[in-house]
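The following note concerns the charged side-chain contacts of the model shown below.

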Amino acid sequence: LRPLLTEQLGQGALNRVLDVGANRGSFLEWMLELKPDVQVTAVEPDERVVTTYQGRPGVDLRLAKLEHAKVEADAYDFAYCCQTLEHADSASDMIARMHAALKVGGTLFIEVPNIEVISYPLTVEEFFIDKHTVHFSHRLLTAYVQWSGFRLEAGTNPQDDILNVRILATKVGPAMTMPFAQWFAAGDLPAHNRQLITTYGANVARNRARLPEVVAQIERLMARQSVAFWGATTIFDLLVKYGGLDPAGVKLLVDSYVYKYLPLHHGVAVQNPSALRVAQPDVCIVLARFSAPAIAEAARKYGVRNVIAFSDLLESATAVAA
């Protein structure tokens, strides 16, 4: 992602940037390192997460959702919207507001979860959570951005990335006058998505039913070795709720992000992964899916020799059931 943005942002003048859903400021921090003189308008409604950049030179914070923020028209060279559009009261309105804020020739970056991720056969997590108001496929988001007055410049290959949809587009003119529902040829997309959701529901039910066997495997490991868990979010929660994992038996739970904001989860202290270097557990179980290889590599750098991915335990439980 960053090489793609660095290449794009290195072209031409870049004076003003709009960061929609700035959250804890990771993008704007990187942006100001890349181009220290740029002016960033950060739009973020959650006052609890803005403390690191509120009042910082070069940052103009608008403490609101974009739908309710006052943002200048035809003023920005670049707009960044990462994992935010899916939370909008109206995704079409948010795209229209970013279009209005950009100069002609300005660049828009959008990243949203890809609904195709629910095709993953080992999924146990709930995808259709309440805080997501809309769901996108690569085809749908690309079409809507083009209809809204942008020219597509680059994006993820839908065959290569089922986790997220990422696109870069240039503002070239006004939105099309023909209603989107008439302009967009949906074809087999509705039927495809209905089948996708049906398959997803069956996969989740089957995989959650396997979680007690996953926990049984973990308990057998814990009976003879010291075991740490990396990942203090959804999968850990599901192992407790659906698998019957006893949190009292968890001696070390680490997470590279959550430990900063969640001191306890199910009564277990959430620690910085550096705790692995001190504890030196025999085994580290990685409670993640697509980020599991990177986490496993990080765990080994902390001195953990044996790393087991949750997906491997679930596949083993599935084989036992078969």
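1. A salt bridge here is a side-chain nitrogen of Lys or Arg within 4 Å of a carboxyl oxygen of Asp or Glu. By this criterion the structure contains 16 salt bridges, and Arg16, Asp60, Arg62 and Glu72 are joined in a network of them.

2. The model is predicted: local features require pLDDT of at least 70 and side-chain atom pairs pLDDT 80 or more, while totals for chains, interfaces and linings use all residues. Residues are numbered from 1 along each chain as its sequence is written, and side-chain values use heavy atoms, with hydrogens and water left out.

3. Accessibility classes are buried (under 20% relative accessible area), exposed (over 50%) and partly exposed (in between), with a 1.4 Å probe and protein chains only. Arg62 is buried at 15%, whereas Asp60 is partly exposed at 35%.

4. Arg97 and Asp93 form a salt bridge with an N to O distance of 2.8 Å. Both lie in helix α3 (residues 91-101), four residues and thus about one helical turn apart; helices are DSSP runs of H or I, at least four residues, numbered from the N terminus. Arg97 is partly exposed at 33%, and Asp93 is partly exposed at 27%.

5. Arg139 and Asp188 also meet in a salt bridge, at 3.4 Å from N to O. Arg139 belongs to helix α4 (residues 138-147) and Asp188 to the loop between α5 (180-183) and α6 (189-209), so the pair ties together parts 49 residues apart in sequence. Asp188 is exposed at 54%, while Arg139 is partly exposed at 34%.

Terms used
Helices (H or I, at least four residues) and strands (E, at least two) are DSSP runs, numbered from the N terminus.
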